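I opened my notebook to look around a new structure. Here is what I looked up, in order.

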Amino acid sequence: MKVLLADDSPLILERFVKMVDWKKHGFHVLTAVDGKKALLEFQKHRPELVITDIQMPKMSGIELAKQIKLESPDTILFFLTSYEEFSYVKSGLELGIHGYLLKHETHKENLEELLEEVKREIKKRKLRARYTAEAALHELIQDLENHPDAAGEEKYSISLPDSYDMFWLEQDHIYPVLAEIFHVKKKKLDGKAVMASCYQLIPDLAAVIQTDEWSYLCLLKSKVSITETVYELKKELLRQYHETFSILVISDQVSITACADKYLRSIEVRSQKIFNTRSLVTHASYISWSRPVSQPLDFKKADDLLKDRQFEKLYTWIDINYMQTLEARDYKRFEQLTRYLATRLLEYHDQIVDFQTGMSFITFSQVDYESWYDANSIYQWLRQKIADLAHLLEQPMIFSYSSLVNQAVEFVKKNYSDPELSVEMIADRLKISANYLNAIFKKETGETIWKLVIKVRMERARELLNMGDDRMTEICKKTGYSNMSYFSKVFKETYGMSPLEYRRKNHED
C-alpha cells in the first residue's frame, strides 16, 4: 500500500516520515511540499491513504481533497491541522475526509494505531469490491450466454463502471484426450491460490473468476500496456508455482459488457489452444479461425494398413491427415485423429517383448508427457511411437515364441525389482524345472532366462537414470539389487560405464 504525506513545512514532513516505521506497517511513503505536487504524485501513484496539510501554497489541502475525491472516491484522506486551523476541518468532513491529525500532538503510538485501522479498512474495502466485481462478472457472462441481447444492458456498469482490459489465463496442461486415454494426471494448482496471486501481483485487477479447472478470466482496469502486465504476471506465476501459463488477451479499453461479449465470442479462438505453443502470450485478434477439413478420416484404411504391416503407407496416411488438420486448425478433427492413434497404440502397450533389450513395447512413460502440450509435438510423438511399434512388429520371430516362454517373460517383467528373483523362482511359478526352463528359453530366444532378467533390470535402471529424480541407492533397490557395488558392476558390464558416469554424461548431453 502507498501513503502520500503533503505539507509545505519540511520539518513537519520529516517528523512524520520518521515518526513510525511505515514499511513495517505495510506502507510505502510518498511526499510532496505543496498542493500541486501532491496532486501530481497522487495521479501518478494512486496511494490508498493521503495525509495532507490544510494550508499549502499553489493548492490548498481543501482543494486537493476535492480533486482526489472526484478522481478516486475510495481514497482515505486525513487532514494535518493545528488548533488555529480547526475551523477548516468541518469543511473537510463535508468533503468526505476520514479525520484529522493534530500536527504537534500526534505521536508514534496513536499514528501506529491509525495506520492499523486504515489497513483494516482498506482490506475490507478491497474484499468487498472484489466480491462485488466477481459476482457481477459471473452474472453478466451467464446472462450473455442465456440472452445474447443482454450485452446492451447497463446494470452491470454500476458495479464495474470503468474501462477494462480482459484476458484469459490458463495453466498449461497435458492435452485432455491423451490424459484421458492413458490415465495420466497433471498437478492442478489450487484455484483460490492462483486468483489470490493475481490480485496481489496486479493492483489494478478488478476481478478474477475461475472458468474451469485450468483457466481463469481476468478483468483489469485499463491504465498501462496490457501486454507488459500479462508478461510480468506470467513470469511471476512461474516463479511462485514452477508451472507455466498461457495468456490470451481478449479485449482492451472497453466497457464491461463489451468485454464479456468479446469473451463469449472468443470460444472458437480459445478452442484452438492446442495449436499454440506452450507458455504463449497472444491476442485473440491475431488468431485465425479454423477451417474444418471436409474430407472424412478413413480409419478403416488405417486399420487395414496396420493389420497388413504396410507401415510406409500408414506413415503417409498419418502425415497427410495431420498436415491437413494442422493447416486448417481443425481442433475437432485433431481430437478424432489423436484419439484413434493413441487408442491403437494402447492396444500394444506392454504386450510385445523386444528380446534385444528384454523390455516390452511401452506406449508412454513420464518423459513422454512433455510432448503432450501442443498439436505439432503430439503429432511428432505419435508418429515416432508408431515407428517404434513397427520396428518390433517387423521382427520375424516376434510372435513365434511358445506360451511357456511368453509366461516366463511376463513374470520377469512384473517381478524384476524383487531381489529374491531367481531362475528357480520363475520355474517354480511355471511348475517346471529350472533346467527345462533354461533349455527351452535358450532354444527359442538364443539367450538364458537370467540374461533376460539382467537386460530388464538394466534397461529399467537406465530409464530411471535418464529421469534424474532418484538417488543411486533408490535406483539400485528399484531394479532388484541389494548391493550397490554389484549393481554398479553389472551396469558397467552392460553399458561400458558406471551408473554415475552415465548420469553425468546424460546431464551434459
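I started with terms: helices (H or I, at least four residues) and strands (E, at least two) are DSSP runs, numbered from the N terminus. By that rule I found 21 helices and twelve strands in the chain.

I noted that this is a predicted model, where local features need pLDDT of at least 70, side-chain atom pairs count only at pLDDT 80 or more, and totals for chains, interfaces and linings use all residues. Residues are numbered from 1 along each chain as its sequence is written, and side-chain values use heavy atoms, with hydrogens and water left out.

**Overall form.** I looked up the span of the C-alpha trace along its principal axes, and it is about 110 × 60 × 35 Å. Next came burial: buried means under 20% relative accessible area, exposed over 50%, and partly exposed in between (1.4 Å probe, protein chains only). Of the 509 residues, 48% count as buried.

I found Val 29 in strand β2 (residues 28–32). Is Val 29 buried, partly exposed or exposed? Val 29 counts as partly exposed because its relative accessibility is 23%. I then checked its contacts (heavy atoms within 4.5 Å). Leaving aside neighbours within four places in sequence, Val 29 touches Val 3, Leu 5, Val 17 and Trp 22. I also looked up Leu 49: Val 29 and Leu 49 are 20 residues apart in sequence, and their C-alpha atoms are 9.8 Å apart in space.
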